[in-house]
Protein chains: 2
Amino acid sequence: MTKSLLRSLLDGQPPGTPESLIVRCLSQRGAISAAQIARLTGLARSTVSTALTGLKKSGIVVELAAADETAKGVGRPPATLTLNPEAGTCVGVHLSLDEIRVAVADVSHSFISEKTIPLGLDYPPDRAAKLTKAAIAQCYEENSLSASGLLGVGVSVSGPVSPEGFVQRASIVPTWAGVNIRHVFGPVLEQPIFAANESNCAAIAEMMWGAAVGYEDFVLFKIDLGVGGAIVQHGRVVTGIAGGAGEFGHMSIDPSGDLCRCGNRGCLELYASFNRPLEQIARVTGRRVTMDDVIRMAEQGDVGALRMIEDTAEMAGRGLGMIGSVLNPPLIIIGGRMALAGDILLTPLIAAYERHTLIKARDVAPDRRTRIIIGKHTENDVLLGAVGLVLSHYGRLQ
Amino acid sequence: MTKSLLRSLLDGQPPGTPESLIVRCLSQRGAISAAQIARLTGLARSTVSTALTGLKKSGIVVELAAADETAKGVGRPPATLTLNPEAGTCVGVHLSLDEIRVAVADVSHSFISEKTIPLGLDYPPDRAAKLTKAAIAQCYEENSLSASGLLGVGVSVSGPVSPEGFVQRASIVPTWAGVNIRHVFGPVLEQPIFAANESNCAAIAEMMWGAAVGYEDFVLFKIDLGVGGAIVQHGRVVTGIAGGAGEFGHMSIDPSGDLCRCGNRGCLELYASFNRPLEQIARVTGRRVTMDDVIRMAEQGDVGALRMIEDTAEMAGRGLGMIGSVLNPPLIIIGGRMALAGDILLTPLIAAYERHTLIKARDVAPDRRTRIIIGKHTENDVLLGAVGLVLSHYGRLQ
């Protein structure tokens, strides 16, 4: 009962009611005050207050105990509200290169369980769906959760996904190109399916729980074995007409450059991902190294490792400089495995951004400058974001 | 009385009321039906209906006679609603290279009057404000309009403008860099001042009256003596933290290229504007030509003129290909003087876009393809958009 009411409110039914607006706001933001709800929804304070009374009565919204007891001297602190954790659960699934990860969270944004399913390269969609179903069932059983409370499954895909759920060419898992995520998971899981590109998921994770909390507009730029990204504008992820927005790695910066896996030439990914630097270091040192190895080597002062990170930062900063001239965002979050290099990467990247972008930091007041920082959930952003798809009701496949 | 009520509703006061949402919606959209209002605001049909009764009673909203009498056979056509033309007027001002243009429109989106003030290069701000004031007064007098009905003045600037109204470096009128539009026009005109970059104004014109009606997301790309642009996302112009969004001309595509007027190297504007082609043609033909001359020459089959337009289209398509990989927009509108070349420009530009962008038309269903078209108001988009700033309540300087 509570679940079906919660589901219809999350679907915005009936449309435009204060109850539906408040439930979607809480689902997206986690725990916030009534005043914040009024500001974010544009509803009058009195309307929010009336609707909250009804939502609390029907068990959909709960009031959290004030965390800060020391505040009692300065009047009662405003109550923090959240969706009732018992009102429902969400599942996040990340389809990565050679494994599937599954996470379960409740609607108050708390994580309950997580599992990894090891697979080989190029695993087939039907097998993925069956193994995912089994892993979800196991999570619910181990944590004594009611399967009937499941509100939806968010699927993060390593490639662009169309609004209908089709995985586009340029996916890093080639066998999945042309596959429709809803057709694969919908009949097996029998749940509402949400899907998005993994970088869009990472952006949602940073927006809901991480470095972008409080920002309505930002850019996420991932530096890993590929280069990916996402754009959030007016509080919503920019999808693009065919799911191709935020594909920064495939800006063709040199039309006579090398062929890219996407079929174009001279894409930014060829110069700003950490693929070629790993090959260079292997060639010089005679041993295969990982990105984590190179970061460790750089931290210990290895000149070659430092140079490879700095050169990558220069190219990423050049690409971001162009993105800066296009979007002039308030915030750029650097994600991907190479973001774990911290300032070794960030310092030269910021210098390159400043050199190549139109609006320079020195031209504008401090509060008008673009901040460039490392993400907060770099190691787990994609899985977090897959759960966030359901909570934020983003990327629902119909 | 009506004016002050209209002004406060346009300001969204009190916040979130159906009346305020409806007035802002009508102000932005012109003439639409109650059903469209419900869809655009997210309000319930019954709420819209109740609020409209009150707004009609207070003379803020009027019902238009159905334009299509032939429709009577299929039931009464839905009434079209608009803000009462008598409830207020708006002024648009375009500060261009060597002249100022002024236009007056009513809140139902009808144009009443237009004037041009010829000036020399690098005209000073205080003189601009005084002459603008005189031109506005003349427009109102000649058309027997009440000056008390003026709701605000929208100013279009040939350069990026910060949200506070500061003209940024890279303005095409150098003396205006660092000047605050509100400080210049506010005290002289004694009206609410709105300001935006001229390309953002052009985008607003196309969104309100032109090629982008019905689109929530699109990109405008201007090819003229410079290259400019604008981004509309979720129905709103993307400003950027310092007003620098949409500066496509200053994407640095060749970091070792020629110095640009913005201080960077190898900006797209150097290759995709029509500045250098005019120099090339003048050198070869021995006479100075304008963009209109070149378009005429190309239409008559002049090989050199055709080649210059095609080369410009190639570079513009390359730049747009990158913007496509960033935003994957449903619609790209080509504006600027060179857009008047029509298919001579558009055909090679679309081919170049397809070659360089990630998501190719052939990869996706027809309704998932990026449409690239010529704007509807190319010759007057900036002045229209300056009026549109006030009507859409965009770029209000506080």
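What rotation, and what shift along its axis, superposes chain A on chain B? In this predicted model, the rotation is 180° and the shift along the axis is 0.0 Å, with an RMSD of 0.1 Å.

**View 1. The axis that relates chain A and chain B.** Because chain A is superposed on chain B by a rotation of 180° with 0.0 Å of shift, the relation is that of a two-fold axis. Within chain A, the C-alpha nearest this axis belongs to Ile253(A), at 3.3 Å from it. Both copies use the same surface, since 100% of the contact residues of chain A recur in chain B.

**View 2. The extent of the interface between chain A and chain B.** The contact involves 53 residues of chain A and 53 residues of chain B. Between them the two chains bury about 4,300 Å², of which 58% lies on carbon and sulfur atoms.

View 3. Polar contacts across the interface of chain A and chain B amount to 26 residue pairs, with both residues at pLDDT 80 or more.

**View 4. The side of chain A that touches chain B.** The elements of chain A that give two or more residues to this side are β10 (227-233), β11 (236-237), α11 (303-327) and α12 (343-356), and the largest share, seven residues, comes from α11(A). Sorted by class, the side of chain A that touches chain B holds 23 nonpolar, 19 polar and eleven charged residues.

Definitions and conventions:
Residues numbered from 1 in each chain as written. Chains lettered and ligands numbered in written order. Predicted model: local features only at pLDDT ≥ 70, side-chain atom pairs only at ≥ 80, totals over all residues. Heavy atoms only, no water. Least-squares fit on C-alpha atoms with pLDDT ≥ 70 in both. Contact = heavy atoms within 4.5 Å. Buried area = accessible area lost by both parts, 1.4 Å probe. Polar contact = N/O pair within 3.5 Å; in protein donor to acceptor, adjacent residues only side chain to side chain. Helix = DSSP H or I, 4+ residues; strand = E, 2+ residues; numbered from the N terminus. Nonpolar A, V, L, I, M, F, W, Y, C, P; charged D, E, K, R; others polar.
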